[in-house]
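Dear colleague,

I am passing on the structure that follows, together with some notes on what was found in it. Please read the notes with the coordinates open beside them.

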Amino acid sequence: MSACKRLLYIVKHRGIWPSIWRRNVTTWSPVGAAFNAKPHRRLELFEKNVGLFGVPELSSPAGFEVTTKRALKDTQELVDKVCSSPPGAVTVETFDQLSDGLCKVADLADFVKVAHPDPSFREAAEKTCIEIGTVVEKLNTNVDLCRSLKNLLDNKDVFAQLDPETRKVAELFMFDFAISGIHLDEKLRKEAVKLHVKLLDLNNEFLMGSHLPNRIAKSAIPEYIHCHFATEGSFIQIGGLHAESSNDLVREVAYRIFLYPNADLMECLEELLKCRNKLAKLVGYESYAHRALQGTMAKTPETVMNFLQLLTDKLSERTAIDFEMIKDMKTKLNPLNAELMPWDPPYFSGVLRAERYNIEPSLYSPYFSLGSCMEGLNSLFTKLYGVSIMSEHPSAGEVWNDDVRKLAVVHETEGLLGYIYCDFFHRANKPHQDCHFTIRGGRQCQESGQYQLPVVVLMLSLPHPTKSAPTLLTPSMMENLFHEMGHAMHSMLGRTRYQHITGTRCATDFAEVPSILMEYFATDYRVVNQFARHYQTGQPLPQSMVARLCESKKVCGAADTQLQIFYSALDQMYHGKPQNRSTTDILKDMQHKFYGLPYTPNTAWQLRFSHLIGYGAKYYSYLMSRAVASMVWKQCFVQDPLNRDMGERYRREMLAHGGGKEPMLMVEVSQSVSLGQA
């Protein structure tokens with residue numbers, strides 16, 4: 001073998017990794033080693049650029065235009081096909097193929113526009129999102145396309161012969177037509193499309209603006225706290241709430257400046273909410289919330305508000321006690337400024353937990369190296385589902401940053417299930433939110449006979465490994481990792497025939513159940529003991545430390561939940577009937593009613609509420625999903641969190657269906673499973 005070929009072989013099959021931190025007791029598994037080492041820049045001199053996610057055209061930003069044009073050409077051909085075909089299973093299969101062709105381009109672009117470090121890629125992706133989004137809205141009001149599906153639904157004999165999953169997907173596609181205004185006359189349909197397109201722009205503008213930092217002149221704040229913030233010439237830049245800072249003034253300044261109202265963004269939000277309401281009214285709904293909640297477990301805004309009020313009533317006494325404890329701690333540490341303010345609870349509740357249970361994160365982090373946590377996830381999935389996660393070296397141009405890891409998800413008998421790209425490390429201009437992105441949904445391809453493997457991205461913002469230590473996670477970081485991996489495995493294990501219902505493409509208030517359930521596994525000692533080892537000594541995390549951590553979660557838990565109830569109620573009010581008052585006035589009212597701590601003048605927290613875009617009228621989903629996940633844990637896994645039979649049943653009865661089964665029906669089945677009736 002020539003020297004050149006030898007180098008190519010090493011780069012392709014072994015990668016170039018530095019030595020990793022040795023531990024005395026055992027060695028890292030391949031997946032652990034992949035995450036506990038910082039890769040050097042790969043040599044790609046001899047490798048062909050395969051393009052982002054293996055899409056050849058996306059080796060450059062210009063490729064987005066090429067993939068968009070091809071997707072639109074294929075779309076028109078499929079529209080012609082379905083409109084000229086007799087009603088039957090092929091109708092639904094063609095609809096799904098049409099949807100898949102657009103989603104594969106739009107979903108990928110949706111990720112790239114927020115995560116790619118190259119502005120030219122982000123701009124090209126954003127243009128694609130708008131172009132594909134516009135086409136989708138036009139298709140949702142295409143009368144001929146709708147008629148082809150209606151012919152199938154109206155043909156009772158043919159429809160009855162379809163399998164349940166196919167019938168469900170047909171009904172979901174028809175539901176998309178209905179909420180888009182297919183029943184309107186041509187003039188009003190065109191107006192609905194215009195509103196949809198306008199909302200695409202407003203959504204993007206608000207989402208981008210909600211993450212931008214605010215700045216203030218250095219001279220406006222005391223010099224001794226300048227070091228806590230980023231500087232830009234004569235200005236201080238504040239890009240977050242600094243909620244964990246021990247310095248009262250730092251927290252207050254960050255809160256007041258980061259949440260200071262931006263007039264342009266305020267106008268954007270007001271216009272966005274007006275457009276959403278106008279669209280909902282136009283297509284026949286009482287409010288945007290009524291439109292958004294169809295197809296969820298909750299069904300109506302009234303159900304959501306009753307749920308939130310019920311939680312509030314149930315928690316009221318405990319919440320009052322929590323706030324009193326937090327206030328006492330602030331008084332103890334700062335007697336001259338003892339009034340409890342909105343920027344105080346995160347910090348002082350943390351102090352309470354640490355004081356009562358000695359859970360300083362630095363005591364836990366050495367046991368939670370990123371590599372050991374990934375080993376733990378691998379072990380858990382193997383025991384529950386017979387699934388392994390295996391590290392693969394991506395090809396040249398396949399990933400958007402050198403520190404992105406690629407995982408293959410492999411079942412012991414079913415083989416390769418899909419791919420997870422792990423974008424875990426902090427970098428400049430990367431969103432700070434932990435997210436799961438579907439890049440490609442799983443589906444049975446009738447045209448090839450093959451199963452299209454799902455592809456997802458998990459995005460976190462973890463610290464990089466250093467020369468002396470791997471990336472070490474705090475307990476909350478570890479839980480977030482498990483949470484996001486719950487989404488990923490939902491996508492991997494939901495082996496549906498149609499991509500329209502694959503994995504997390506289900507009711508929003510059910511989509512969080514698998515991820516929240518993973519948080520229970522993350523804090524159960526029987527699971528944690530499988531992987532939590534000191535990165536230097538190999539010693540296991542003592543059971544007493546895990547017990548203290550679990551107990552500490554109960555401290556101020558009611559106050560934490562009440563904050564989420566406030567956010568959920570605010571979301572409902574913004575998307576309910578118009579109130580002819582500002583979003584800030586609504587916030588003041590909801591904060592007083594559902595949270596209790598005073599509103600801070602000249603702040604606009606709603607402008608940082610980015611979930612209003614993806615979770616409009618559905619933010620309550622986290623709370624409802626938590627209630628369902630708690631029930632599933634208690635009924636299925638609390639006795640033995642590593643039970644293979646229960647893991648297989650959970651996959652079969654809940655994960656496998658994606659959005660192809662009514663959520664409440666799946667919940668009821670999980671209850672019967674726990675009772676041995678499934």
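In what follows, helices (H or I, at least four residues) and strands (E, at least two) are DSSP runs, numbered from the N terminus. With that convention, Arg405 belongs to strand β5, which covers residues 405–411. The model is a predicted one, in which local features need pLDDT of at least 70 and side-chain atom pairs count only at pLDDT 80 or more, while totals for chains, interfaces and linings use all residues. Residues are numbered from 1 along each chain as its sequence is written, and side-chain values use heavy atoms, with hydrogens and water left out.

Burial is given by relative accessible area, where buried means under 20%, exposed over 50% and partly exposed in between (1.4 Å probe, protein chains only). Arg405 counts as buried, at 4% relative accessibility, and its C-alpha atom lies 26 Å from that of Thr128, a residue 277 places away in sequence.

Gly386 sits in the loop between α16 (370–385) and β4 (387–392) and is buried at 3% relative accessibility. Leaving aside neighbours within four places in sequence, Gly386 is in contact with Phe381, Val410, His411, Glu412 and Arg644. Ile225, in the loop between β1 (214–217) and β2 (230–232), is buried with a relative accessible area of 0%. Not counting residues up to four places away in sequence, Ile225 touches Asn247, Leu249, Val250 and Val253; between Ile225 and Leu249, which are 24 residues apart in sequence, the C-alpha to C-alpha distance is 8.0 Å. Asn277, which lies in helix α11 (residues 263–282), is buried with a relative accessible area of 15%, and, with residues up to four places away in sequence again not counted, Asn277 touches Ser287, Tyr288, Gly576 and Pro578.

Turning to helix packing, two packed helices are described by the angle between their axes and the distance between the axes. Here axes are lines fitted to C-alpha atoms, for helices over the stretch in contact, and angles run from 0 to 180 degrees between N-to-C directions. The axes of α22 (residues 557–574) and α23 (residues 583–594) come within 9 Å of each other and cross at roughly 140 degrees. On the α22 side the residues that meet α23 are Gln562, Ile565, Phe566, Ala569, Leu570, Met573 and Tyr574, and their partners in α23 are Thr583, Ile586, Leu587, Met590, Gln591 and Phe594. By class (Ala, Val, Leu, Ile, Met, Phe, Trp, Tyr, Cys and Pro count as nonpolar, Asp, Glu, Lys and Arg as charged, and the others, Gly among them, as polar), this contact has ten nonpolar, three polar and no charged residues.

The loop between α22 and α23 holds Asn580, whose phi is near 55 degrees, a positive value in a residue other than glycine; Asn580 is exposed, with a relative accessible area of 80%. His242 also has a positive phi, near 50 degrees, and is likewise a residue other than glycine. His242 is found in the loop between β3 (235–238) and α10 (248–258) and is partly exposed, at a relative accessible area of 30%.

Grid points are joined across faces, edges and corners, and a volume is the space filled by probe spheres set on the points.

There are four cavities of 30 Å³ or more by this rule, and the largest cavity holds about 60 Å³. Its lining divides into nine nonpolar, two polar and no charged residues, with α19 (513–522) giving the most, four residues.

The second largest pocket has a volume of about 630 Å³. Its lining comprises 28 residues, of which Val55, Gly101, Lys104, Val105 and Arg440 lie nearest the centre, and by class the lining has 14 nonpolar, five polar and nine charged residues. At least two lining residues come from each of α3 (63–84), α4 (89–115), β6 (415–425) and β7 (435–440).

With best regards

Methods
Contact means heavy atoms within 4.5 Å. On a 1 Å grid over the protein atoms alone, a cavity is a set of points where a 1.4 Å probe fits but cannot get out, and a pocket is an open set with protein on both sides within 12 Å along at least five of seven lines; lining residues have an atom within 4 Å of a point.
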